[in-house]
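Good morning, and thank you for joining the group meeting.

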Amino acid sequence: MAFLEVEQLGMRYGASRVLRNVSFSVEEGELIAILGPSGCGKTTLLNAVSGIAYPSEGKITLSGRDITFLPPEKRRFGVVFQGYALFPNLTVKKNVAYGLGSWDARKRADRVREMLELVGLADVCYRYPSQLSVGQQQRVALARALAPEPHILLLDEPFSALDASIRQQLAEELRRLQHQIGITTIMVTHDQQEAMSMADRIVIMKDGRIAQTGTPLEIYEAPADRFVASFIGRMNFLSFSFMEGREYGIRGEDIVVAEATELMLSQPHTWTAQITDLCYMGAFVRMELLLQDYSTRLWAEMSASAAAKFKKGGIVAVHLPQDKWRSWNGD
Ligand SMILES: Nc1ncnc2c1ncn2[C@@H]1O[C@H](COP(=O)(O)OP(=O)(O)OP(=O)(O)O)[C@@H](O)[C@H]1O
Ligand SMILES: [Mg+2]
């Protein structure tokens, strides 16, 4: 039995079904990312787990106990909402102390200090939210959610208001912190990089259903369908190799681009192609290739040094190693 079990969850808003047959489990200490495009039902699912909204079908259990209709305040879950509203009229310290009303005063003060140190905000504890940067506000929201020693931490797009560099820094910090205190965490995001780099396992959602659940590696290596394949990483779909009702694709980093020598072109699954675009992305280069035999366009990715010998407009050999083809059921 897993720590948290979500079984066959269904949810409606009036006539429209927003969640269908959503089932997954979370082990103690795990960090699970719920990943999916805008509007697919991520917040709705998190609301059902936190108890803010009750499902119309299915069941949620915590350590075997049915909590499907338990009010949120009885679940002891720490929640950081999308937009993480802090109380604007309370100082940082009082925001963090908010959930500790029933605690003994001394214990409460110790806990608040401990949480503020954990997120590195001890020196701004008398400020108000409006006097903090967005990144600092995010840390206050996290400290406030963690203070009452929750069973589970629920985070809805915790970094969405932040710019790229601070976002990555906070993501790494959160991951370290999560390891350090070992708290079971469910994090909602629509950012696949964030999910891949932070999560032990990812639940990918599409239109209110689960498309795939697995470790980042499992999902990257063996996407269950075309949607997952295109949502995680960049997949080149191989329309010319469609056979037996299966679809094929290859990742950009698995495409071999070489000089168009006769030897190279005599290899299986190798074609001449023109480089129609070269984009420097920093550490790597993304190359757009037009296969001359098939008028197929592919995107290859390689290190900047490997790309140095190629120019836009050049003719090259493109090899698609068969052991790197990914396949899934066609639909
Ligand atoms: N209170 C509501 N009443 C009616 N429909 C709603 C309500 N809340 C959400 N929905 C609808 O339910 C669907 C799922 O919404 P939800 O907020 O769960 O998506 P999300 O995956 O969190 O999206 P985002 O990434 O944009 O936050 C959407 O189609 C949305 O319009
Ligand atoms: Mg949402």
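This is a predicted model: local features need pLDDT of at least 70, side-chain atom pairs count only at pLDDT 80 or more; totals for chains, interfaces and linings use all residues.

How many of the nine residues of helix α1 (residues 42–50) are buried? Eight of the nine are buried, and the helix is thus mostly covered. The buried residues are Lys42, Thr44, Leu45, Leu46, Asn47, Ala48, Val49 and Ser50. Just after α1, glycine 51 takes a positive phi of about 95°.

Residues are numbered from 1 along each chain as its sequence is written, chains are lettered from A and ligands numbered from 1 in the order in which they are written, and side-chain values use heavy atoms, with hydrogens and water left out. Helices (H or I, at least four residues) and strands (E, at least two) are DSSP runs, numbered from the N terminus. Buried means under 20% relative accessible area, exposed over 50%, and partly exposed in between (1.4 Å probe, protein chains only).

Let us turn to helix α2 (residues 92–97), where asparagine 95 is placed. Asparagine 95 is buried, with a relative accessible area of 0%. Leaving aside neighbours within four places in sequence, asparagine 95 is in contact (heavy atoms within 4.5 Å) with Leu86, Phe87, Leu90, Pro129, Val140 and Arg144.

Next, the domains. The domain assignment, whose bounds come from an automatic or database source, gives domain 1 (4–229) and domain 2 (235–329). Their C-alpha centres lie 39 Å apart. Eight residues of domain 1 are in contact with eight residues of domain 2. The area buried between the two domains, that is, the accessible area (1.4 Å probe) that two parts lose on being put together, summed over both, is about 750 Å², and carbon and sulfur atoms give 45% of this. On the side of domain 1, Tyr220, Arg226 and Ala229 lose the most area to domain 2, together 71% of what that side buries.

What is the count of salt bridges between domain 1 and domain 2? It is two, where a salt bridge is a side-chain nitrogen of Lys or Arg within 4 Å of a carboxyl oxygen of Asp or Glu. The elements that give two or more residues to the side of domain 1 touching domain 2 are α7 (216–221) and α8 (226–231). The largest share of that side, three residues, comes from α7.

In the whole structure, a search finds 14 salt bridges. In one of them, the side chains of glutamate 221 and arginine 326 meet at 3.3 Å, N to O. This pair links distant parts of the chain, with glutamate 221 in helix α7 and arginine 326 in strand β18 (residues 326–329), 105 residues apart. Glutamate 221 is partly exposed, at 42% relative accessible area, whereas arginine 326 is buried, at 8%.

Arginine 326 also forms a salt bridge with aspartate 254, the closest N and O atoms being 2.7 Å apart. Aspartate 254 lies in the loop between β12 (246–251) and β13 (256–259), 72 residues from arginine 326. Aspartate 254 is buried, with a relative accessible area of 12%.

Finally, glutamate 301 forms a salt bridge with arginine 286, with closest N and O atoms 2.8 Å apart. Glutamate 301 lies in strand β16 (residues 297–303) and arginine 286 in strand β15 (residues 284–291), so the pair ties together parts that are 15 residues apart in sequence.
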